[in-house]
Structure formats: C-alpha cells, structure tokens
Amino acid sequence: MSSSSSSPPWEQPESAHPQTGLTVYNTFTKSKVPFVPRKGNRVSWYGCGPTVYDAAHIGHARNYMASDIIRRIMEDYLGYDLNVVMNITDIDDKIILRARHKHLLNEYRAQTTSLTEQTIEDTSKALYEFANTTFKDLIEPRIGRPIGSDDDWKAFALAIDDGNDSEFAASDLKASMNYTAARNAFQALVVARQKVAEGKTSQAEAGELVDSCEDVMAPWLDRQHGADVTDQHIFRDLAAYWENDFFKDMDALNVRRPHVLTRVSEFVPDIVRFVQRIIDNGYAYEAGGSVYFDVAAFDGKNGHFYAKLEPSSKGNIALLADGEGSLSKRGNEKRSESDFALWKRSKPGEPTWTSPWSAGRPGWHIECSAMASEILGEQIDIHTGGIDLAFPHHTNELAQSEACFECHQWVNYFLHAGHLNVKGQKMSKSLKNYITIKEALTKYTARQIRTLFLLSQWNAPLYFDSKSMEEAIAVERLLSNFFTNVTALLRDSRLHQQGSSAQRRILAPELELLEALEDSKELVHRALLDSFDTLTAMRAIQEIVARTNAYLQRGRSGIDSQTVEAVALYVSRIMRAFGMVSENPAQTIGWGAQAAGADGQGTAADRESLILPVASVLSEFRDAVREIALSGGDKKALLTLCDRIRDKNLPDLGIVIDDHGDGRALVKILDPEEIQRSRERRDAEEAARKLEKQKEAQAAEEKRQARIAKSRQAPEDMFRTPEMCELYSAWDDKGIPTVDKAGEPLTKSKIKKLAKEHEAQRKLYSKHLESQ
C-alpha cells in the first residue's frame, strides 16, 4: 500500500447472523455503512475516557452523552449485547503539570505567613516572566524591550489597547486568555502594594495576592522547584480526585457507566509488553531511554497505512506536537517529527515506572491500544470519542495496534461525536472558554441538556448558547406537559370509570390517531436505523404528541383514554431509549415516579409525609371558607380563596389544578422543584428584560456623555496626553505624531491612520465650539 494522501479501502465486516439493518456514519469512510458486528449480536466497544486533571465541561458532556444515546439505542431499542470498555487517563503531562503546580502553590501559601515586599517581588518576577514567555514575539516590536518593570507592562498594555488590539488578539487563540491572566495579576499587585503601604500585611492578605496570581505564579514556581517534586502520591491523588468528580457529573447527566473501566496506572506492565512487541515487529525504536513509533517504517509497508482517519492531517507537525504533550520536548531523539512517543523517559519531577528502556511512563496514544486490546482482543467493533481525537490520537492508536498485531483493520467502526462550540470556538480547557457540567446544571436540567443533543446529529458540530437551549427547553416542556396531562387524564378516567355505556369508543378520530401513531413508529424506527438520527426521531415524536394534544381538545367526554395511553406509552418507551427517563418499568408513562413500598402504597411514614402537607393546606382552606360563610362574606372572597389554593398553596406541593370547561378540574402531579424553577425562570426573564432596558438607557447616556467630553478636547492636544507620550516623542504642527517613543519615524500608513483620527476630532471639536 503506498503512502498516498487518500485512504485505503475499508473492509466491510461480514456475518452469517441476521442483521438489524442499522447503518452508521463511519469516520473511516466518511459515509454511512451497514453495521455488522463480528460475533452475531455481541458488540465490542471501546470509548476514550477523560484525562482527569480538572472539572469536566459541557463539551465533555456532548461527547459522553452522544455515546450514551447511541449505546442506549443499541442496547434498549435494537437489542444488541454490548461490552463497553472505557479508560481513565491518569498518567499524562497535563496531570503532572497540574499536580506540581497545585502542590507548589500550596507550599508557597503555607510558607508565606505575611504580605511582604518579598512576596510582591516574587509575584512581580512571575508576572514579567509569564508575559515575556507568553507574548515573546509581540512585546519588543511594540515597546522595544522585554518587560522588566511595571512601567514596561503599562506601556505594553497601552500598545495593545488593553488586549483589544485586533492584531494582538489574532496572534494566538490563547492571547486574550493569557493577557487576562497577566492583567489580573498586575491589578492584584497594585492592590497588594497599597495594602502594604496601609500596614495590611496579614497572611490572609498574602493569600489573596497568591490566589489572584495563580496563573502566573504556578509556572514560575514550577520552573524553580518542579524537578524537586518526587512524591508520586501528589500525581495519583489529583487524578483520583478528578476521576471521582467526573463520574459524579456523568451520574448527574444519567450517563451509563462502562461495563469495564481501565486506568493507565493499572496497566503499565501490559503497555510495556505491547511496546516491546511493536519494537520486535520493526515499527519502533529506542532513543535516549524513550521509545518512538517509526512512522516511515510502518506507512506503506506490509499493507499498512498511516493516518487512515484523516489522511489530509498527515504531517501536521502542530497537531502531532500537541499530542506529544508539553513535557515531551527532547531535542533530536526522534528520527522524524512525525514519529511519536510510545514510552517517555521521565525527567526529575515526573512519576516513573520501570521498563527495559528507562524509568519512565507510557506515551498518551499507546495506553488505549494496549488496554482496549487487553480487554477486547485483537479487533474491536466500535471505537468512540470526540472528533478532536481523530488526529493524532486515534490515528496513532490504529497505527500502534496494527503494527503490534500485523493486522489491517484493528477497529471496524469509528464513531466520532462532533465539536460543541461556544461563541464560534470549540470548547476547550486550554482556551478556558468552557462551562463546567456543574455550572451548566445550575441553569439547566440534565434532561434539557440531553434534549439539546437529541435535536442535533451526534456527529455534527453543535452550538451551545441560550438560543439553542431555548428550543431544547421548549421541546422538553412540550413532552413534560404531555406526560402530565395524559397521566392526570388516565387517573381521572379510572376514578370516574362507570363501566360500558354500550356506545362504541373507537371512532374515526381514534382510528386516525392510532394510524398516526403507527406512522410515527415507522418513521422513528427508520430514523434510528439511519445512523441514530435522533433529530428526525424527535421531530416525529413532537408530531405525534401535537396530534394527541389536538385530540385531547375534544374534552374528557369525547376521548378514548386507552388510545391516548397507547401513544403515551410509546413516547415514554422512546424517551427511555434516549436516556431521558430514569431506569423505570417499561409500562410507566413519562419521566418516572417515586418508588413506593411493596404494596404500592409506600410505608406509613411515606404516606404521612406525602399526605400531611396536602391535608394541612385543605384544612386551612376549610377554615377560611367557614369564616367567610359564618361572617356572611360574598362569593368573590370564596373565588379568591379558590384561586390562591390553585395558584400558590397546591403548586408549592407539586399539585396543579387545571380548570376545564366542563366544570370539573383536572389534577396534575408535578415536581415541586420544577414548578419553582418555572416560576423563577419567568421571574428571571422579566427581571432580565427590565435590566436590559436599564442597561441600554445607561449605555446611551454614557455614550452621550463620553461624546460630549471628547468633543471638548482640542485636536492638537489629543495625541499629547501623558498616555500618548508613552508611545510618541515628536509631533507635527497639527499635533499629529511623527516619531515613536524609541525615536523611530512612524510609517506612512500609521501617520495616515492618526491623521484620520485627528480630522474626526477636529470636526467634533468644531461642533462643540459652535454649540457654545
């Protein structure tokens, strides 16, 4: 096989067993292909788990909930027998750095017993070093020297317009984030110096400075003392903490746990054997105590092909370097920049395990190859993960595994979840543009977030913003209201059941609804077989719910409860298959109910806790009615009481009374917290509207005042302010700068730009003089 930029043919698996007709979008082929497991109905599945060094964010939720939805459809709807394996990456450069940073910051805090000049000097050095390292190609062209003082920082901040300069912002995706960290540190230093001058030098004051400057202090401390961190518990404890936190988030999102969980730290001997086998096969080499995969020895040899998933990314050095990790710069050890580490020799301050090559640790990519193969064997049906892992991580997984086993298709189906974007960018911890799962769950429910993901293709990019969530909330509310109404109607129907009326109940409207239900079932089934097209399936569910809601408008006397129940049970079944419903019996309608006792009634204590609040409300209502009646009150007072118990007292207990035109109210049982959230949402929306109006008025006034203030400045003075004198040193007779601070003449384009600003100010100033 030649190492061309096109992908090699993908081999369609074959099986003598009957198939479901499922097709899946396979990253190998960039198309939908028939899904054929290797062993009948049994499916082996490996999913890339998290690197546990920080809180999981909503981008992770998109990946793991998308996989969970696919898994549930396959297990609960299509009936596949899955064996799901997921890894935890608990050995990684990010974990090592984060653990060291945390440890060194904690040590520094403990040793800093008061706010002193030394503390301020340390923090200043850290800031200057951070700025010079992070903005190394931007500082000297702007101010002509490295940053070594507060005045240098001020000059740089002014030169880049406090981070708003377009050229600066476009220089690096992380430029704005890093500038914010540096600016916050500088502002904290200003405050700290003022506190020292005022004699406020307690340990708490020192702690505030360190806390505000963590982002600049941590790398400074690490460069000085990182190599001295030798206690391996420091690294293990951090990983264990965030692993536990990750699974709390997954449980909160109702994501099923894997059948088998593997941790890198528990499989190091297996990884060492896997690496040795690749070396023995001639596809890897040792250099300086590290082991590297030899891409040139693999690609195009013995029928192998490198970069199957994304051939166009082959040779992308930036992506390859990112996959190697920030601690893995090792000079000229590698034969080629495309080669990647299978085993890394550890440097001082890094955890170590024994191997034939050095005291070191596994590379990132090798862990998944070794652990997946150890549990699932030499070939896997499904491999899942985010699309950002396709190159280089999954690409390198494939190469390693196929080099180890001398096979040509280690994985049959790669299913990659699409990016989740925020403000036009992929959500990323490194960019710090993320919303943690816990933060998201303070604003939205897990079911609303899952609804958002169901309303998009699992492998397509998705925008997470208030607009997309509004649609998800509306759909979830439609379903919730449907389940609530149907449950209440069925309960009411059973309470008032009077036997047969000797009249036929299944007439044209019922037959039409049942036919629509069958059409919906067919549409949903086809959609789910079509690469888990939950968007089309959800639209079909919305349609049958809308049809049923229209049918319910006939009123209680004009509907057949069994027909309605058939629709509700089917919708509930699909919601269970999507993970929208907690694990509950198949014949339950809606989102499920609280567990009861063995007799279905709950314990005596349960019954008291449920009944007593309602009884108290009814008792108070009775007392008030009696008082009105005994005092000769009018019916208006009675109706006011009825409204209060309907609108306030009972909803607080999760009971909603829905007045109907036939004079008999319908009783609905809802989650009191959901009712409260709905109230708070309405109140918040109203408050937000008022606040927005106030902000608009205030902004308009501030803009007016700023324009008035600006109009008072003579154009010949506008470039001679103290701030401008930090940038320029000579001006023409109009006051337009001609020479910068370093004595260099300004370029023609720069002078032309300044002249335009000068002319705009001249016109503004003239209008001001005319108005006097």
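This is a predicted model: local features need pLDDT of at least 70, side-chain atom pairs count only at pLDDT 80 or more; totals for chains, interfaces and linings use all residues.
## Overall build

The chain has 772 residues, and 47% of them are buried. Its secondary structure consists of 26 helices and 18 strands.

Among contacts in the chain with a separation of 6 or more, 70% are between residues 24 or more positions apart.

## Nonpolar cores

The largest nonpolar core holds 190 residues. Within this core, M74, I278, F293, L479, V571, M575 and F578 touch the most other members. Helix α18, which covers residues 466–495, gives the most to the core, with 11 residues. Another core, of six residues, lies apart from it; M718, I736, L746 and L754 are among its members. In soluble globular proteins, nonpolar side chains tend to be buried together.

What does V571 touch, not counting residues up to four places away in sequence? The list is L479, F482, F483, I541, I544 and V545.

## Helices α18 and α20

Helix α20 spans residues 534–552, and its axis comes within 11 Å of the axis of α18. The two axes cross at roughly 45°. The crossing of α18 and α20 is left-handed.

On the α18 side, the contact is made by E471, V475, L478, L479, F482 and L489. On the α20 side, the residues are M538, R539, I541, Q542, V545, T548, N549 and L552. By class, the contact of α18 with α20 has nine nonpolar, three polar and two charged residues.

## Helices α2 and α8

The axes of helix α2 (residues 93–111) and helix α8 (residues 203–212) come within 9 Å. They cross at roughly 155°. Angles over 145 degrees count as roughly antiparallel, so α2 is roughly antiparallel to α8. The crossing of α2 and α8 is right-handed.

From α2, the residues in the contact are L105, Y108, R109 and A110. From α8, they are Q203, V210 and D211. The contact of α2 with α8 divides into four nonpolar residues, one polar and two charged.

## Backbone details

N302 is not a glycine, yet its phi is positive, at about 55°. N302 sits in the loop between α12 (295–298) and α13 (317–324). Its relative accessible area is 55%, and N302 is therefore exposed.

F532 also has a positive phi, near 55°, and is a residue other than glycine. The loop between α19 (508–529) and α20 contains F532. Is F532 buried or exposed? At 2% relative accessibility, F532 counts as buried, because the limit for buried is under 20%.

The peptide bond joining F391 and P392 is cis, with omega about 5°. P392 belongs to helix α15, which runs over residues 390–405.

D162 is placed in the loop between α5 (150–159) and α6 (166–170). With 35% relative accessibility, D162 counts as partly exposed.

Leaving aside neighbours within four places in sequence, D162 is in contact with A157, Y179 and R183. D162 and R183 are 21 residues apart in sequence, and their C-alpha atoms are 8.5 Å apart in space.

Terms used:
Residues are numbered from 1 along each chain as its sequence is written. Side-chain values use heavy atoms; hydrogens and water are left out. A nonpolar core is a set of buried Ala, Val, Leu, Ile, Met, Phe, Trp, Tyr and Cys residues joined through side-chain atoms within 4.5 Å. Buried means under 20% relative accessible area, exposed over 50%, partly exposed in between (1.4 Å probe, protein chains only). Helices (H or I, at least four residues) and strands (E, at least two) are DSSP runs, numbered from the N terminus. Contact means heavy atoms within 4.5 Å. Axes are lines fitted to C-alpha atoms, for helices over the stretch in contact, and angles run from 0 to 180 degrees between N-to-C directions. A crossing is left-handed if the near helix is turned anticlockwise from the far one by less than a right angle, and right-handed if clockwise. Ala, Val, Leu, Ile, Met, Phe, Trp, Tyr, Cys and Pro count as nonpolar, Asp, Glu, Lys and Arg as charged, and the others, Gly among them, as polar. Angles under 35 degrees count as roughly parallel, over 145 as roughly antiparallel, 65 to 115 as roughly perpendicular and the rest as oblique.
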